[in-house]
Amino acid sequence: MFSASQSSKAQFLDKARQAREERRELKERERAAVQVQALIRRFLCRCRLQREIRREVEDFFGTNESGSSKRSALSVFRIARKLLFVFNHKEDKERFEKLCRCILNSMDVENEPKVWYVSLALSKDLTLLWIKQIKDILWFCCEFLKQLKPDILQDSRLVNLHLTMLVTFTDTSTWKILRGKGETLRPAMNHICANIMGHLNQKGFYSVLQILLTNGLARSRPSLSKGSLTAIFSLALRPVVAAQFSDNLLRSFLIHIMSVPAIMTHLATLTPERLAVIESHDLFRKFILFLSREAQCRDVCVCLEGSHTLCLLGNLVYLGSLNDKVLEEETAYFVGVLIHMLSYCQKYVSQKKSNLTHWHPVLGWFSQTVDYGLNESMPLLTKQLQHLWGVHMIRILFSDVLSKKLLENQEIAQLPTQPVSPQNSLPMKNLFKRAFQKSASVRNILKPVGGKRVDSAEVQKVCSICVLYQTTLTTLTQIRLQILTGLTYLDDLLPKLWAFICELGPQGGLKLFLECLNNDTEESKRLLAMLMLFCDCSRHLITILDDIEVYEEQISFKLEELVTISSFLNSFVFKMIWDGIVENARGETLELFHSVHGWLMVLYERDCRRRFAPEDHWLRKDLKPSVLFQELDKDKKRAQLLLQYIPHVIPHKNRVLLFRNMVTKEKEKLGLVETSSASPHVTHITIRRSRMLEDGYEQLRQLSQNAMKGVIRVKFVNDLGVDEAGIDQDGVFKEFLEEIIKKVFDPALNLFKTTSGDERLYPSPTSYIHENYLQLFEFVGKMLGKAVYEGIVVDVPFASFFLSQLLGHHHSVFYSSVDELPSLDSEFYKNLTSIKRYDGDISDLGLTLSYDEDVMGQLVCHELVPGGKTIPVTNENKISYIHLMAHFRMHTQIKSQTAALISGFRSIIKPEWIRMFSAPELQRLISGDNAEIDLEDLK
């Protein structure tokens, strides 16, 4: 009974709860329906109102179109207020254009104050509303400008319209209301304009101008007209001038306007009057002084990132090239700013591609985001940057160095240009001594003299400029050669810079720079940067000069100066290695070493080809070979580095002994030397004298590398197949090797050819007519390597350029094919260099980037570049043509043959063993020394 009543009560409560829920849901649905209806009614009402307003606006602009300019300013204000109330960028674009044209037309009416739109600013009741309205209109103009593309005709017209609106209402100069008696109102109106300009700046006015300028100028051909560019730049300058060049607005101008690619170049081309305005306001000086404060320069660079920082740099350099007076007066600040900006970019320059890097056409691999939209403008940016290493700016920046007078003597001693023989070495040394005594008296740059304080203002200025150019070289990696070529254009800059270096410190020269290596001060780094720049530029210069320019014309450097410089470099590199500096070198110190070492080796290799230095000039008298050999046996790092980088400081005969020692050690390691407990493996071959080359090739080419290095016994058989008498105890093998080499190097076989002058050997370009010719060349390389390995002298005179390839010199970035060309064909070299010196229009000669060759009676055209036979040789590309031609003759034509021979040679002789020899020394290692026998020595 009790449970039944409880059950009915629960059911009652449940029904009541359900009923309550239903009533609540019903109310909720009714409330939602009312809300939805209200929203819909509101939406429909708003749409109806918008339609009515838009219809009213269209009626306003559509009726009486011819008399639209006579509408009162108040009516325009009211219709504008309505349009702005319902304004939508997409729907009201055309209506907004009509409004802008209506407003501009009203400003052009003569003697109709009530029509002038700006007259409402004088109304007490409407002033604030009018100011708000014009601010809104002008910002909508900015919004449209961000979206427009100036290269589209229709958009370009709209650009002009919106720019005209901005120009008209941000300055009072065109307001007719201020003429005559209205002049008294100008201060108040100027204040209103400043108010409008401040509002636009807060909203992002400079960003709008930057987008518009970038869209119109960041391309190969600018799409902005003269009028548009003038208007944009005037608008950009107005806030800066109005604020009396405040730091805040200078910053905005630099970040948004001066970072537009090549904007200064476009101004100079399209509207040079704007550059005159820049000069009248002394803007270049203000930019430099603003950026000279490190914190502000860093802030600008961080805001711009790498690509746009480079664009700002290009514009500043271009402005500097146009303002000599400011550049001369503010050199220190200008140089400091450029160094800071380049250093910022350099932090993100990478040596190689990775997942975090992007390709930049000027900076190379770059670890910041690259704006690829700027790529079209990179050629113009590069032209701007070229002013930095152009003659005009170099003369201004290096004025202290270039003003130095170098005394010349009419009787400068001529150094011999040919190697000397032992018989006349004594008088030759006297000749060199006399030459140095004479030259030291006429040119103080031939030896370090010291005397100039390194902390003086002059030295600090020159050091800063050198740091600037060195930073430029390491940052703008893709135009490095352009920079070096520009810095070496003036013939007297490098010798005068060397003269300046020689005067530094109490004693000058080596001691000062070695002390700098041990001092981690800013001053030391700047001095070393000067030395590094001198080495990089001088190395580039000597690399691109031919023998006539170096030895006969002696461009930039006299031969005596090259001797002195090479002595300094030789000592500097030796000290860096021997004192243990290179072992632990990192960063800038390692770069300095490679720079100085590169310049040294260019001079050494030039001297090896054609002598300009005295006998034993490259040797270090204070280095005992025995000490070096002991350290090599102990695996001392400095001894290994010395052998790797400057082996020429060791006498040639000691290096030959070292080479033989290396070979002996390897033989012992491979078990190729007979001992009391073991005998080496012997390979026996049988050779028919009538088919010596064929049998030798067939039997030896299959041997393993170790077997080729081991003992090989030869048994000769005659034509009847009968063994010849005799036991091979290396003598028969030596005879076999000499005969094989004599046969393969015979030009009649057409594996090798002789040069036109001194008849030296190099691979024949037409050797491909032989079957398996590459295997033959590899076999020849092995035979030649075996001869050198065993110390068997063979009479094979190689061409110098081929020996350089055997040593691997042609892989060096400093290698010049043109320098080696005389060793192949001296007449051809003269013809090519005559093209270089041709004063007229080279295109008149009818040359193309191709080479015609007579190959077995057929004329074959080789293109030096793809499509070369259709590309004419001009004054602009004639230097490239010369290098391409030399490279083709000495490398491309015989590339596969040379590679095969080198592969065979290196299978026997390790490359590091012969890198300690120059090309002439390698020839002596192969063919023996042709020096005359000293009878006294034999006694």
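The model is a predicted one.

Strand E3 takes in residues 364–366. It is joined to E2 by 3 bridges, and the two run antiparallel. One place to look is His358, which stands opposite Phe366 in E3. What holds such strands together? Strands of a sheet pair through backbone hydrogen bonds, either parallel or antiparallel.

E8 spans residues 850–855, and E9 spans residues 858–863. They run antiparallel, with 6 bridges between them. Asp854 has Leu859 in E9 as its bridge partner. How many residues lie between E8 and E9 in their hairpin? There are 2 residues between the strands. Met856 sits in this turn and has a positive phi of about 50 degrees. In a regular strand, side chains alternate between the two faces of the sheet.

Finally, turn to the surface. Val36, Ile40, Phe43 and Leu44 form a nonpolar patch there. Together they have about 360 Å² of accessible area. Ile40 belongs to helix H1, which covers residues 2–62. Is Ile40 buried or partly exposed? Its relative accessibility is 45%, so Ile40 counts as partly exposed. The class lies between buried, under 20%, and exposed, over 50%.

Note on methods:
Residues numbered from 1 in each chain as written. Predicted model: local features only at pLDDT ≥ 70, side-chain atom pairs only at ≥ 80, totals over all residues. Heavy atoms only, no water. Pairing = 2+ DSSP bridges. Helix = DSSP H or I, 4+ residues; strand = E, 2+ residues; numbered from the N terminus. Patch = residues over 30% accessible without salt bridge, like charges linked within 9 Å, V, L, I, M, F, W, Y side chains within 5 Å. Areas by Shrake-Rupley, 256 points an atom, 1.4 Å probe, with all protein chains shown as cover. Salt bridge = Lys/Arg side-chain N within 4 Å of Asp/Glu carboxyl O. Buried < 20%, exposed > 50% of the residue type's maximum accessible area, 1.4 Å probe, protein only.
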